[in-house]
Structures are given as structure tokens and as C-alpha cells.
Amino acid sequence: MTDRPEVAACTFCALDQEQVAMLIAGPAVYICNNCVELCADIFRKKKSGALDHLKTDTGEESPPEAPDYPCSFCGETKDEKIAGVTVFICDDCVAACVKVIGDNPLHAGKPHSPDGD
Ligand SMILES: [Zn+2]
Ligand SMILES: [Zn+2]
């Protein structure tokens, strides 16, 4: 009905390109700057061991990890990845997205005037 396929939306949080500061396109998926930052934060905590206490020591045999689905962005099966609703993103792709966002002036205070100063 009001499905507008021409509007790209983040595959992770479902916000469209008009609702986020930046949307990064993968082969068949999108991720917004908010989700990139979220994922980067999770990976940072994982690597620093901050999430170690979340590991199951409740006697369960199998951890609630997703099976080896490939990253939705690079297609590679990595150990370190984060699951979205229907997609996965690995740490390498998160790092790449962080770099893309860092290279773009997301928070430029005022629009650049072509008239110069
Ligand atoms: Zn998002
Ligand atoms: Zn990847």
C-alpha cells in the first residue's frame, strides 16, 4: 500500500534514509549510522571482554549464538558478527562503515555556502 521501495531503509532498525543521518548500502542491505555506532560499540565491548559475563554459565550446552550465517555485507562467515532482524554484519564491515561515516561530515553545523566566505 504505502510501501515505497525507492526509499532505502536501514535493514537493522528499519528507519529510512530520511530519518537517519546516513545510510550505508551493502549488496542487498542497508545500515544506518546509528546502527553502525551501536555495532561498533558492541564489538568494542566484546573485544575488551566486557560482555564475557553474558556468556552462558547456566549449564546450557549451546550458546544462543546464531549459526554460521554469512555476513550480509561481505558474504563471509566470520566469528565476530552481529545479528539484525534478518541480516548479519561482521566486525570488518562495521569497521568499514565507521570509516565511511568518519569520512563524511555528518555533523557539519551549517550548510556550506558556495559563495565562500
Ligand atoms: Zn539502523
Ligand atoms: Zn562482513
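This is a predicted model: local features need pLDDT of at least 70, side-chain atom pairs count only at pLDDT 80 or more; totals for chains, interfaces and linings use all residues.
Residues are numbered from 1 along each chain as its sequence is written, while chains are lettered from A and ligands numbered from 1 in the order in which they are written.

Next, display the secondary structure. The protein chain has 2 helices and 4 strands, in the order β-β-α-β-β-α from the N terminus; helices (H or I, at least four residues) and strands (E, at least two) are DSSP runs, numbered from the N terminus.

Now select residues 33-48, helix 1, and residues 91-102, helix 2. Their axes come within 9 Å and cross at roughly 130 degrees. Axes are lines fitted to C-alpha atoms, for helices over the stretch in contact, with angles from 0 to 180 degrees between N-to-C directions. Here N33, V36, C39, A40 and F43 of helix 1 meet D91, V94, C97, V98 and I101 of helix 2.

Finally, select Q17, in the segment before strand 1 (23-25). Q17 is partly exposed, with 15 other C-beta atoms within 10 Å; a residue is buried if 20 or more lie within that distance, exposed if 12 or fewer, and partly exposed in between, with C-beta atoms placed from the backbone. Leaving aside residues up to four places away in sequence, Q17 touches V7, A8, A9 and L23.

Notes. Two residues are in contact if their C-beta atoms, placed from the backbone, lie within 7 Å.
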